[in-house]
Amino acid sequence: MADELERPGEEPEQREAEPHLPSPTILPFAFAAGIALVLVGLIINWWLAVAGGVLALLFGFAWIREATKEIRAQPEPEPAPTAEVSELAEDDEAEEPERYPRSVFLELSTLGIGAAIGGLVTVPALGFMIAPAFVGQGDEEVDLGPLANFPEQQFVIAQFNSSKEEPEDVGRRAAFIRNNGQANGVPSFTIISNRCAHVGCPTQPQGLPGDQKKVTTPGGPITITPVASVSGFQCPCHGGAYDAEGNRVAGPPVRGLDRYQFLIRNGHLVLGKRYSVGHVTGTGAQAKIYAYKRFDPGQHVDGIEQILWPLPPYEGGG
């Protein structure tokens with residue numbers, strides 16, 4: 001017992017600190033919540049993904065600092081002893097060099113291996129989920145033939161292939177086209193997509209259909225069906241109703257029908273890319289179209305609801 005007591009004038013014995021487990025912390029859970037927010041934001045809204053990325057970086061940095069706190073808190077090495085002290089210390093037993101704590105090494109190794117495995121598992125999965133939405137989603141130009149196929153002030157249903165590489169009966173698409181005549185010396189057309197803005201069902205014009213005719217164009221075979229006295233468009237699936245300009249008037253659709261860009265090339269009407277429409281004021285050549293980039297059916301393009309939907313990956317816009 002007497003040997004264990006400290007003697008007056010002597011410094012207490014310095015004992016090596018035993019390794020211990022790091023204190024509990026919520027930083028790993030906050031980091032995981034930031035990653036989850038990134039994944040949710042990729043589906044809902046890009047700004048949400050950015051916010052999640054910022055939170056993940058902040059909490060990840062704080063987590064690393066917390067895990068390496070003991071290493072960073074180690075005291076600096078003492079200055080080299082003078083010659084006199086060195087001579088006195090020659091006879092003393094050499095102190096054992098300080099070793100790297102095994103618990104800290106295992107902790108950092110686990111974090112590094114876990115991050116590497118998480119990246120190897122997550123990155124390919126995200127690529128397969130996200131890449132298809134950005135690759136091959138645009139619309140090809142479609143030559144619908146001479147302007148004579150489209151009589152003025154009358155709607156026609158034009159059926160065509162969405163891709164030149166597909167067979168005639170595969171990938172057929174339809175558009176409602178009305179030749180509005182000249183507007184300030186420039187041909188004007190109303191070209192409305194037949195996809196309902198609810199879930200994408202094919203809508204039908206409310207009018208009297210005429211005789212079909214097939215037209216061979218550089219873009220492939222086109223079917224033209226005139227429709228007289230069109231008062232609007234109706235979706236047979238869930239009762240969505242639109243007026244003659246494609247504005248929603250009843251049912252579950254969240255916006256008006258999409259439209260197509262167009263151009264006149266060598267006297268032929270050529271369809272371009274689709275774009276989404278909030279609503280249309282006016283009619284025919286005097287119509288004012290509130291146009292947006294192309295969104296999928298069921299997605300809002302204006303109002304407060306638009307912030308809940310991701311930015312569209314498609315090119316285009318009105």
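What percentage of the residues of the protein count as buried? And which are the buried residues of H2?

A: This is a predicted model, in which local features need pLDDT of at least 70 and side-chain atom pairs count only at pLDDT 80 or more, while totals for chains, interfaces and linings use all residues. Residues are numbered from 1 along each chain as its sequence is written, and side-chain values use heavy atoms, with hydrogens and water left out.

Of the 318 residues of the protein, 29% count as buried; buried means under 20% relative accessible area, exposed over 50%, and partly exposed in between, with a 1.4 Å probe and protein chains only. The protein exposes about 20600 Å², and carbon and sulfur atoms supply 60% of that area (Shrake-Rupley method, 1.4 Å probe; for residues, only the protein chains shown count as cover). There are five helices and 14 strands, taken as DSSP runs numbered from the N terminus (helices: H or I, at least four residues; strands: E, at least two). Among contacts (heavy atoms within 4.5 Å) between residues at least 6 apart in sequence, 53% join residues at least 24 apart.

Now to helix H2. The 22 residues of H2 (residues 46-67) should span 32 Å at 1.5 Å a residue, and the end C-alpha atoms are 31 Å apart, which agrees; the expected span is 1.5 Å times one less than the number of residues. The buried residues of H2 are Ala-49, Gly-52, Ala-56, Gly-60 and Ala-67. They lie on the same side of H2 because they cover an arc of only 65° around the axis, the arc being that of the directions from the helix axis to the C-beta atoms. An α-helix has 3.6 residues a turn, so residues three or four places apart point the same way. On the face of H2 turned away from this buried side are the exposed residues Trp-47, Leu-57, Leu-58 and Phe-61.

The disulfide count is zero, a disulfide being a pair of cysteine sulfur atoms within 2.5 Å. The sulfur of Cys-235 has its closest cysteine sulfur in Cys-196, 3.9 Å away, too far for a bond. Cys-235 is buried, at 2% relative accessibility. Asn-184, in the loop between strand E3 (172-183) and strand E4 (186-193), has a positive phi of about 60° although it is not a glycine. Ser-229, in the loop between strand E8 (220-228) and strand E9 (232-234), has a positive phi near 55°. Most residues other than glycine have a negative phi. Asn-184 is exposed, with a relative accessible area of 83%, and Ser-229 counts as exposed at 65%.
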